[in-house]
Amino acid sequence: MTASDPLVAGERAEVAAEARVVAPRGMGRRAGGVLKYVALALGALVMILPFADMFVGALRGPADVYASPPRYFPAEPQWGVYARVFAELPMRTWFANSVIVTGLITAAQVATSVTAGYALAKYDFAGRASIFRLVVGAQMFPFFLFIIPIFFILRFAPLMGGNDIAGQGGSGLLGTYAALCLPFVVTWYGVFLMRQFFIGIPDDLMEAARLDGASEYRIFRSIMLPLVKPAIATLTLFSFVYHWNEFIWTMTVTRSAPELQTLPVGIYLLQGAFENLEQKSLQQAALAISILPVIVVFLALQRLFVSSDFASGVK
Amino acid sequence: MERRPKEFDPAGGGWAPWLFLSPLLVFAALFFVLPLGFSVYLSFTRWNPLGTPDWVGLRQFEYLLTRDTTFWATILNTFVFAFGFVVAGVPLALGLAFVFSRARGKAVWRSVYYLPQLTNIVAIAYLWQFVLDDRYGLVNRLLGMAGLRGPDWLTDPVMAMISVVMVMVWYDAGKNMLVFSAALEAVDQEIYDAATLDGAGATRTLWSVTLPMIRPAFIFVTITSFITGMGFFALILAMTGGGPRGATEVTALYTYRMAFEDLRMGRASAGALILFVIIGVISLLQFRALKERAT
């Protein structure tokens, strides 16, 4: 807790106020303090209940569903549902695809953001301002604008997937991991974030290394890169969470390629299989499995996540 | 062997910056400029992707804007969704950030409120489908226990829109809250001290010190939330599918279906461009309005 922490400020003000004012107002304040925690707890309940509802629902068996009236809490929790998810659904494929695609995209985004952010922050060259404007401006373009054109750019990629040089004849990059990853290889926000971090590092280090005869790559790799590790960690987490959960694009390009579907997409496109009341618990268990990896990663690394770093785009 | 510093423009680094930037430049060409251009071109054509695009000039725009009543209905739905999301979501996020900043155990509270942000949108949609189920959902069961008959959250057209807005607010609260928290923490303690010395009470301090200081964050959150709300259709697709009877069909979802279900690529591109222009104009107006009030 630092001196600039509003928490400290609040407490200080409260202490000062209580010393000055008469009892009734002081009591009002204390009641306000309790009320604050009651409100926070109620809010937290609203945040958690839908998740709890899913975990409870996953454990319901046919006996609970067909009871009259249907039981909310299962009489006998069906823990076997998690094994059934793997036995009855292509869960392994979905899971593997989620891991592969998220891994590839995250690695690519970190690499391109770090290099581009570094160039924009630490070199002075003609065109730098324009490229930076592009990076900032491109963030304003909503994704729905790109779905149709990028779909067909991949579809008609010359010489790919049986296409001739004019992009005709085959299926292009559709139906490959490339179609899932390529449109996300660069993240404008990530480039912007890394540039902001590199700007904060003094130029002296670079100049000293240059005088010592270090190559540009060496300066980047051995001197600058280690200094922005916290930013890299933040960006890695962001990319991981975002792309583990990505849905619209992946669904668009894998609708007819089940072997490439990720967890959210697979569960969504298989909704017909869950129409049956008994199958609902299977769906809920599958959803729980799709959420779990992110929550585990988040809990392990939450210190990084809630740091103010990633709001730095605002300032 | 002696190596000298670069002869020209030491900070320029010769070709080095261009090498570092090459992935970005290739990407910008292939996945930003090219698609935008292609999209504009397609909007002037009629194209079922099996054949070649037919140039039809402005006819797709003309059809959407003057004859397609569904298109206008989806525009209206888009506005209701986006404004509902901003009007309910931004004050809520700000309020949460305030309460958090003065509460013990900040990190724990924040993680709890951030939980939906970590969850894929399909799970979010289904979670709420279960909770809001007309007959056996958690909410209506609880209301039933209290002797009340809960509304048809997802099957009544008006309630369905309210439900998707509520879920969107629930989903996004944690993100905006963090932006506001960061802004609140960045306000210099000395300013608060000065205000206290000048005899400003808590309410006065809030209105005259804290809120003006976090105005940039407020503008940022309002505009980005609006842009998000106008273009976001994954939640609606998975939760209501645009129904019941088109009551939650937003324009982005409508054009998506036009493209990938009806295979009308030209018209869908035109629809997406119209939506994009509307979002751009309104964001600009919002930015102006919020900026001016600051001066």
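Mentor: Ser113(A) sits in helix H5 of chain A, residues 91–122; helices here are DSSP runs of H or I with at least four residues, strands are runs of E with at least two, and both are numbered from the N terminus. The model is predicted, so local features need pLDDT of at least 70 and side-chain atom pairs count only at pLDDT 80 or more, while totals for chains, interfaces and linings use all residues. Residues are numbered from 1 along each chain as its sequence is written, chains are lettered from A and ligands numbered from 1 in the order in which they are written, and side-chain values use heavy atoms, with hydrogens and water left out.

Ser113(A) is buried because its relative accessibility is 0%; buried means under 20% relative accessible area, exposed over 50%, and partly exposed in between, with a 1.4 Å probe and protein chains only. Its side chain reaches the backbone oxygen of Gln109(A) at 2.7 Å. Setting aside neighbours within four places in sequence, Ser113(A) is in contact (heavy atoms within 4.5 Å) with Tyr118(A), Thr187(A), Gly190(A), Val191(A), Met194(A) and Leu235(A).

UniProt, in an unreviewed entry, places the feature "transmembrane region" at several stretches of chain A, among them residues 94–119, 131–154 and 174–198; such annotations may be inferred rather than shown by experiment, feature names are shortened, and positions are in the numbering used here. Residues 174–198 of chain A are 64% helix and 0% strand, with the end C-alpha atoms 37 Å apart. For residues 131–154 of chain A, the values are 79% helix and 0% strand, and the end C-alpha atoms lie 25 Å apart.

H5(A) also packs against helix H11 of chain A, residues 216–227, at an angle of about 95° and with the axes 12 Å apart. Axes are lines fitted to C-alpha atoms, for helices over the stretch in contact, and angles run from 0 to 180 degrees between N-to-C directions. H5(A) and H11(A) are therefore roughly perpendicular, the class for 65 to 115 degrees; under 35 counts as roughly parallel, over 145 as roughly antiparallel, and the rest as oblique. H5(A) contributes Val114(A), Thr115(A), Tyr118(A) and Lys122(A) to the contact, and H11(A) contributes Ile219(A), Phe220(A), Met224(A) and Leu225(A). These residues divide into 6 nonpolar, 1 polar and 1 charged, where Ala, Val, Leu, Ile, Met, Phe, Trp, Tyr, Cys and Pro count as nonpolar, Asp, Glu, Lys and Arg as charged, and the others, Gly among them, as polar.

Methods. A polar contact is a pair of N or O atoms within 3.5 Å; within protein, one must be able to donate a hydrogen and the other to accept it, and residues adjacent in sequence count only if both atoms are side-chain atoms.
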